[in-house]
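Welcome! Please open the structure in your viewer and keep the selection tool ready, and we will walk through it stop by stop.

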Amino acid sequence: MKKSEPPPYRALLGEYIGTFLLILFGLSAVASTVTMDAHQGLLQISLIWGLGLTTAILATQNLSGAHLNPAISLALVLFRNFPKQRFLPYVGAQFVGAMTAAMAVYLLFGQAISSFETTNNLTRGESGSEASAMIFGEFYPSPGGKPLSVHPMGKLSSGKAFLAETLGTAILAFAVFSFTHPKNRESMGKLTPYAIGIALTALITVFGPLTMACFNPARDLGPRLLSSLVGWGSYPFTVNGLGWLTVYIIAPCLGAILGAWMAEAMHRETKA
């Protein structure tokens, strides 16, 4: 994605900062919506996630290429010759960035979260507390600030949630790899970060009600672990069974591979 590789420490710093910015924007939007009714409607939250991604890319693309997502890094290893030896360090930086952002959000909104739980008779770490835990990790269907037991959609099957995350990430990866393909690079130019942010915004509005639209293993696992450490215990890892692994880690990785493969195949068949 870059003409030359930066020093390793700068690249890892870029991935850390970029992922931190993305997750800080997104989780803050969710936290303020759940606890303060600050935003009305899914579109507003989606726009904040999209703007956060655009900001993160613009800030760090010259440092690391702005992967900001282990699934995208994996696809870049497979289809863009990203050095294999950099994959795990990148993923580590992304994970730490996401977890640090989650800690910052907890420090900022901790009092509001506690007040929300008290008002709604929620006991952190017990049944129903996914209504507040969703500020950090993700659940299906989206709790929308309420216990899943009273969710109007009822129960969303793990199979459908897996399909949603796979398809959503495939579309995101298809967009990223299409926008950054050498045959599109000249026409896209400086618009690429904005186009990727718009793509994420659109995808969250579609898939958000189903799975909260993860598309990024670091985005989910880092904040989910943080929530476990600050009072929710093992509960975030049991609400959807093994969904935390299959739906929010494996499915995005599979989707990124499929989307990147489709983009590379399509542009390979297109004359320059």
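A polar contact is a pair of N or O atoms within 3.5 Å, and within protein one of them must be able to donate a hydrogen and the other to accept it. Keep that in mind for the stops below, and remember that you are looking at a predicted model.

**Stop 1: Thr-33**

Select Thr-33, which lies in helix α1, residues 8-36. Which backbone oxygen does the side chain of Thr-33 reach? Turn to Ala-29: its backbone oxygen is 2.8 Å from the Thr-33 side chain. Is Thr-33 buried or exposed? Thr-33 counts as buried, because its relative accessible area is 17% and the cut-off for buried is under 20%. Now show its surroundings: setting aside residues up to four places away in sequence, Thr-33 touches Ala-38, His-39 and Ile-45.

**Stop 2: the nonpolar cores**

Next, select Trp-49, Ile-135, Phe-136 and Phe-215. Within the largest nonpolar core, which has 58 residues, these four touch the most other members. Helix α4, residues 87-119, supplies the largest share of this core, with 9 residues. Zoom in on Trp-49 and look for its contacts beyond four places in sequence: among them are Leu-22, Ile-23, Leu-200, Ile-204 and Arg-219. Then select Tyr-140, Leu-156, Ala-161 and Cys-214, which belong to a second, separate core of 6 residues.

**Stop 3: Arg-224**

Now move to Arg-224 in helix α9, which covers residues 217-232. Where does Arg-224 stand, buried or exposed? Arg-224 is buried, since its relative accessible area is 1%. Which side chain does the Arg-224 side chain meet in a polar contact? Select Asp-220 to find out: the two side chains make a polar contact at 2.8 Å. Leaving out neighbours within four places in sequence, Arg-224 also has contacts that include Phe-136, Glu-138, Pro-236, Trp-244 and Tyr-248. You have already met Phe-136 at the previous stop, as a member of the largest nonpolar core.

**Stop 4**

From Arg-224, draw a distance line to Met-262. Their C-alpha atoms are separated by 31 Å, and the two residues are 38 apart along the chain. Leu-254 is found in helix α10, residues 243-268. Leu-254 is partly exposed, because its relative accessible area of 36% falls between the 20% and 50% cut-offs.

Technical notes
Residues numbered from 1 in each chain as written. Predicted model: local features only at pLDDT ≥ 70, side-chain atom pairs only at ≥ 80, totals over all residues. Heavy atoms only, no water. Core = buried A, V, L, I, M, F, W, Y, C linked by side-chain atoms within 4.5 Å. Buried < 20%, exposed > 50% of the residue type's maximum accessible area, 1.4 Å probe, protein only. Helix = DSSP H or I, 4+ residues; strand = E, 2+ residues; numbered from the N terminus. Contact = heavy atoms within 4.5 Å.
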